[in-house]
Amino acid sequence: MIPLLLSLLLAWPPGTGAQQDPLMPFMEHLDTDVILKWGFSEVQGTIMFQLTVKTTGWLGFGFSPNGGMAASDIVIGGVGPNGTYFMDYHATGNSFPLVDKKQSYTLLSLIEADGQTTMTFWRSIYSCDEEDFHITEIPVKLIYAYGTSDDIRYHANRRGTKEVNLLKFMPKSSPPDSNYLDFVVENVTVPAEHTYYHCKIMKVPKLNGKNHIYRIEPVIEHLDLVHHMLLYGCPSSVNQTYEQKCYMGVSGEDCIRVVSAWGVGGGAFELPEKAGIPIGGQNNDEFYRLEIHYNNPAQEAGRRDSSGLRLYYTAQLRQHDVGIMTTGLLVASGWGYAIPPNATAFHSYGLCNTSHFSDILPDPVPDLSVFSVVLHTHLAGRKVRAGHIRNGEQIDFLGLDENFNFEMQQATNLGNIKTIKPGDEIVVECTYNTTNRKGITQLGLATTDEMCLAFVFYYPAIPVTSCCSHPNMRAYMAMMGKTVDQDIEEMLKTAAWDQASTAVHEVTMKRVPQIGFIIDVNSNYTMYEGNIRNMTATLSVSCRSDPSLQGLNTTQAGPLEPFNYNTSSRGSSSWVVTSAAGSVLLMLWMTVL
């Protein structure tokens, strides 16, 4: 049976042109005559390669522990007089490799044209074949060789090796006019508090027109204090600099357009070569708000810090502007959301329904190309999944972390470009463990509070900055047989939580309608009502049989198991509010980590 990935691949012709392949967004020149493109799906556990070499002879490509032939995992293929040939080999020494007993690579296409040969194939990321090389999240030594004919002989000097991190690849741009801006705080006194948010409004030096940020780099003085940082663009109403504790009801809180983000454990982040974050020019922000979350669990007094973000930019504009959109569970004080104590795996959900973008955007909404997703919870978080829903059915995961680590929250490029079409939904699911807690856990800013968010990096940018939801707690009270005039927060705090009551609470919170909020860069927002759809179970990543045959909606790359959804036909209604009322929402809502 032909793998389903092949039908997806045929939608994009092979080659090395400038147009980016959504299934294989990464490219590396292994030599002047050798180009490798690749992409992968962590959900289906497969990786796809396309090797293009300026030759009409045989091609060889593989993985090596040290860059040499011995103990390497190799594929050899080409277009011969009698058609194509392709085989999986392994080498035991510096001699002709041996054919693998199990052929773990699948050929998708082999094309010879214009003096070059292009070989496209895929394999599992995690192989169970002892004769194959295991691909991990650390750099691997790639080897290649090729001949001038289809007689597979010694390659002479037509060979090479290059170390590449396939699963954590970051493009390296060096524009000739590169420059940078530092958004940093200087000598801030961190209070003797477990959690402290510090904000600084800064004015950007005047740039010569619009530029594009292409690299975000953290500047951290004390790694044990700085948990995360966000940089927001400000509307024209913010025209004064200041520096103080965040969320004190001042004008700088109107700065809600996320420009860049960094989380603990992360390093520098490079944007795709075809997209950049706009800065400078008449239509872009002049003032910016840097927000730093300091985590001081020992509550040490007298500590000072000078940290922030360094943004590299260029006047050589790229094809697209990048947008960053916050999705997930709305962080709203006083709304009565609670995660019970002693729960081993409590699930929370947030909804973004993009069909309501048109309620506040004057222009038609384009397809959004997602290239990175940052998932976020706090200390109780154990798993985060961002499901991608289309026409009521899940087609993929935008982001997935089955082993969430609070101390490792970094931005990385996805293995393939994922397309959000108008009308698609994003469901963010977080799994919490509260077995070490005696009282309920609420949503909030403190690290001992909780959040459930997914920051979506995409292009082309649209004015939407946040798309989150919160369960309708009035409907929750009615479904639980309570009166709406009862104090819901007090009721949840004093409840006698056990396994049964926790299960009922979780199911009810998911079943009640969600109140969705979509907000744009000018603080205009719309409200709507929707429902959380069920998400598929995540496949195990170890030792899979043919992953391309496990059931897939072929509108997206990434085979998934069959789904079983609650396809409620509940209608949705919406309300549009102008910026004059935006401050009312902002009192309830915070687009922060």
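How far apart are the sulfur atoms of cysteine 199 and cysteine 246? Please go on from there to the other cysteine pairs.

Author: This is a predicted model. The sulfur atoms of cysteine 199 and cysteine 246 are 1.9 Å apart, and the two residues form a disulfide. The torsion about their S-S bond is about 105°, so this disulfide is right-handed. Cysteine 199 sits in strand E14 (residues 195-203). Cysteine 246 sits in the loop between strand E17 (242-245) and strand E18 (257-263). The pair therefore ties together parts that are 47 residues apart in sequence. Both cysteine 199 and cysteine 246 are buried.

The structure holds 4 disulfides in total. Another of them joins cysteine 352 and cysteine 467, with sulfur atoms 2.1 Å apart. Its S-S torsion is about 100°, so it is right-handed. This pair links distant parts of the chain: cysteine 352 in strand E26 (residues 346-353) and cysteine 467 in strand E33 (residues 464-471), 115 residues apart. Cysteine 352 has 0% relative accessibility, so it counts as buried. Cysteine 467 is buried, also at 0%.

Next come cysteine 430 and cysteine 452, joined by a disulfide with an S to S distance of 2.1 Å. The torsion is about 95°, so this disulfide is right-handed. Cysteine 430 lies in strand E31 (residues 425-432), and cysteine 452 in the loop between E31 and strand E32 (453-459). They are 22 residues apart. Both are buried.

Cysteine 468 is in no disulfide. The nearest cysteine sulfur, that of cysteine 467, is 6.9 Å away. Cysteine 468 is buried, with a relative accessible area of 2%.

Terms used. Residues numbered from 1 in each chain as written. Predicted model: local features only at pLDDT ≥ 70, side-chain atom pairs only at ≥ 80, totals over all residues. Heavy atoms only, no water. Disulfide = S-S within 2.5 Å. Helix = DSSP H or I, 4+ residues; strand = E, 2+ residues; numbered from the N terminus. Buried < 20%, exposed > 50% of the residue type's maximum accessible area, 1.4 Å probe, protein only.
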